[in-house]
Amino acid sequence: MQIEIDNSSGFCFGVTTAIKKAEEELASGKTLYCLGDIVHNSMECERLKRLGLITINHDDMRKLQGVKVLLRAHGEPPSTYEIARQNNIEIIDATCPVVLQLQRRIKQQYDSFPNAQIVIFGKPGHAEVLGLVGQTESKAIVIANFEEVKKLDFSRDIYLYSQTTKSLDEFHRIIEYIQQHISPQATFRSFDTICRQVANRMPNISTFATRHDLVLFVCGRKSSNGKVLYNECKSVNPNSHLIEKPEDIMKEWLEGVNTVGICGATSTPKWLMEQCRDAIIS
């Protein structure tokens, strides 16, 4: 049986940087808190917990004083920085540069046109989206999918942005719909803020999935990016399975299979994909 691990799968730049910053702090023996799961992968979170990383939520952070808190790649709204200032908390900011730039653009847009509809194509409640909405005093409108674009007020100006990990194709469908329905008296502008390092994985993973009899997509259940990429695998290769860890692999999946492809999300560590390969070999 041939087993191939997809070279283009694994941590994106932003996640790699956040984990590196956490490891450097922990190696110095200092106590380090992380606001939310550093990455949407329970196995990697568990590994860092063993190294000493303490994961907290926003309520926990309000009770802390004079400690170090790492902000993960997803980014945070301005209110989080204000809590840190008030509580003398040292922030280690690992916000992805792509997300940081997007936050600044949305804030600038909101400050310039506070009465316009600032629309974000993204997953409601997702950490990155909360950080983006926070730039607008929570006035931005979040649409989760193409169907929700119909709830916008097409008589008013619309400025459209996207969560960095959303589908490029669906984003373009939303743009076309707004263009067709916007009032001639209203302004519409769209800003392609989807991370190409993530977007380019879609065609790559599609090609990868077609090469194998069986595809094992390794991913945490909380990963939005993972769901999108897994669905792409499944659409081109129905014999694709979503797993979180080596123990999830079923022996019957391997019967009569000549080639196995192992791939994952931007939040999937390489070491975990390698463990899945080793589990099949053993």
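V119 sits in strand β6 of this predicted model. The residue is buried, because its relative accessibility is 0% and the cut-off for buried is under 20%. Beyond its close neighbours in sequence, up to four places away, V119 touches I141, I143, L152, I158, Y159, L160 and Y161. K166 lies 47 residues from V119 along the chain, and their C-alpha atoms are separated by 14 Å.

**Helix α7**

Strand β6 (117-121) is also a packing partner of helix α7. The helix covers residues 168-181, 14 residues in total. From first C-alpha to last, α7 reaches 20 Å, close to the 20 Å expected at 1.5 Å a residue.

Which residues of α7 are buried? They are F171, I174, I175, Y177 and I178. Seen down the helix axis, these buried residues fall within an arc of 165°, so they line one face of α7. They pack against four strands by name: β6 (117-121), β7 (141-143), β8 (158-162) and β9 (188-190). The face turned away from the buried side carries the exposed residues D169, Q179 and Q180.

What caps the N-terminal end of α7? S167 does, with a side-chain oxygen 3.4 Å from the backbone nitrogen of D169.

S223 is found in the loop between β10 (214-218) and α10 (224-236). Its relative accessibility is 3%, so S223 counts as buried. The side chains of S223 and S267 are joined by a polar contact of 3.4 Å. Leaving out residues up to four places away in sequence, S223 touches H40, A265 and S267.

G261 belongs to strand β12, residues 259-264. G261 is buried, with a relative accessible area of 0%. Apart from neighbours within four places in sequence, G261 is in contact with E4, F208, H212, L214, V215 and L216. R47 is 214 residues from G261 in sequence, and the two are 25 Å apart in space, C-alpha to C-alpha.

The loop between α6 (127-133) and β7 holds E137. S138 lies in the loop between α6 and β7 as well. Most residues other than glycine have a negative phi. E137 has a positive phi although it is not a glycine. S138, also a residue other than glycine, has a positive phi too. Are these residues buried or exposed? E137 counts as exposed, and S138 is exposed as well. The table sets out the values.

| Residue | Phi | Relative accessibility |
|---|---|---|
| E137 | about 55° | 56% |
| S138 | near 65° | 57% |

**The largest pocket**

How much space lies in the largest pocket? About 330 Å³. The pocket is lined by 23 residues, and the closest to its centre are C12, V15, H74, T165 and T266. Elements that give two or more residues to the lining are α1 (13-27), α5 (97-112), α8 (196-199) and α10. Helix α1 supplies the largest share, three residues.

**In brief**

Strand β6 holds the buried V119 and packs against the buried residues of α7. S223 is buried in a loop, while G261 is buried in a strand. E137 and S138 are exposed, and both have a positive phi.

Methods. Residues numbered from 1 in each chain as written. Predicted model: local features only at pLDDT ≥ 70, side-chain atom pairs only at ≥ 80, totals over all residues. Heavy atoms only, no water. Buried < 20%, exposed > 50% of the residue type's maximum accessible area, 1.4 Å probe, protein only. Polar contact = N/O pair within 3.5 Å; in protein donor to acceptor, adjacent residues only side chain to side chain. Contact = heavy atoms within 4.5 Å. Expected span 1.5 Å × (residues − 1). Arc of directions from axis to C-beta. 1 Å grid on protein atoms, 1.4 Å probe; cavity = no way out; pocket = protein on both sides within 12 Å on 5 of 7 lines; lining within 4 Å. Points joined across faces, edges and corners; volume = space filled by probe spheres on them.
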